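Colleague: I would like to learn how to read a model of this kind, feature by feature. Please give the general idea before each case.

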Amino acid sequence: MVTYESHVESGTSMLPAARVRRIIKEDKDIFACGSDSLFLISKATEYFVDSLVRESYEFSRFDKRKTVQYKDMAKAVQSIEQYDFLSDIIPPTVSLRKAVGEASQRKE
């Protein structure tokens with residue numbers, strides 16, 4: 001597991017509080033969200049994104065690249081159990097030939 005190293009001062013978040021609050025307000029089940037909760041959600045999101053990106057970077061290093069590509073994130077989602085909930089959002093890459101072949105089989 002890759003660890004998170006914060007480059008932000010203690011007690012602050014890299015994510016803008018106003019945007020996080022706006023996203024939280026989109027959930028109709030949440031009536032109010034205090035500043036402490038908002039901060040914790042922001043920090044948890046930072047940890048999550050950092051973890052996903054670091055794991056994806058490891059897959060790019062296996063292919064001897066320094067740039068993370070979509071296929072690296074898809075590999076991380078497919079191979080690491082904690083990211084299973086993202087499998088519909090970040091599906092594995094499919095070649096055009098394979099996609100066209102599958103589409104034509106469905107039509108028949």
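Colleague: What share of the 108 residues in the chain is buried?

Modeller: A residue is called buried under 20% relative accessible area, exposed over 50%, and partly exposed in between, with a 1.4 Å probe and protein chains only. Here, buried residues make up 21% of the 108 residues. This is a predicted model, in which local features need pLDDT of at least 70 and side-chain atom pairs count only at pLDDT 80 or more, while totals for chains, interfaces and linings use all residues. Residues are numbered from 1 along each chain as its sequence is written, and side-chain values use heavy atoms, with hydrogens and water left out.

Colleague: How many helices and strands does the chain have?

Modeller: Both are DSSP runs numbered from the N terminus: helices are H or I with at least four residues, strands are E with at least two. The chain has four helices and zero strands, in the order α-α-α-α along the sequence. The radius of gyration is 18 Å, well over the 13 Å from the globule rule for 108 residues, so the chain is more spread out than a compact globule. That radius is taken over C-alpha atoms, and the rule is 2.2 Å times the number of residues to the power 0.38. Along the principal axes, the C-alpha atoms fill a box of roughly 55 × 40 × 20 Å.

Colleague: What do the contacts in the chain show for residues at least 24 apart?

Modeller: A contact means heavy atoms within 4.5 Å. Of the contacts between residues at least 6 apart in sequence, 41% join residues at least 24 apart.

Colleague: Which residues of α3 are buried, and what do they pack against?

Modeller: The buried residues of α3 are D72, A74, A76 and V77, and they pack against α2. Take D72, in helix α3 (residues 70-79). D72 has a relative accessible area of 0% and is therefore buried. Leaving out residues up to four places away in sequence, D72 touches S56, F59, S60, D63, R65 and T67.

Colleague: Is D88 buried or exposed?

Modeller: D88 is exposed, because its relative accessible area is 72%. D88 sits in the loop between α3 and α4 (96-107).

Colleague: What is I24 in contact with, beyond its neighbours within four places in sequence?

Modeller: I24 is in contact with I30, C33, L38 and I41. I24 belongs to helix α1 (residues 17-25) and is buried, at a relative accessible area of 10%. With L38, the separation is 14 residues in sequence and 8.5 Å in space, C-alpha to C-alpha.

Colleague: How many aromatic pairs does the whole structure hold?

Modeller: A pair of aromatic rings is described by the distance of the centres and the angle of the planes. Rings of Phe, Tyr and Trp (its six-membered ring) pair if their centres lie within 6.5 Å; planes under 30 degrees apart are stacked, over 60 edge-to-face, and the rest tilted. A search finds three such pairs. For F48 and F85, the centres are 6.0 Å apart and the planes at 40 degrees, so this pair is tilted. The pair links distant parts of the chain, 37 residues apart: F48 is in helix α2 (residues 35-62), F85 in the loop between α3 and α4. F48 is partly exposed at 31% relative accessible area, whereas F85 is exposed at 56%. Ring pairs link F48, Y83 and F85 into a cluster.

Colleague: What geometry do F59 and F62 have as an aromatic pair?

Modeller: F59 and F62 are edge-to-face, 5.9 Å centre to centre with 85 degrees between the planes. An α-helix has 3.6 residues a turn, so residues three or four places apart point the same way. F59 and F62 are three residues apart in helix α2, and therefore separated by about one helical turn. F59 is buried at 18% relative accessibility, whereas F62 is exposed at 62%.
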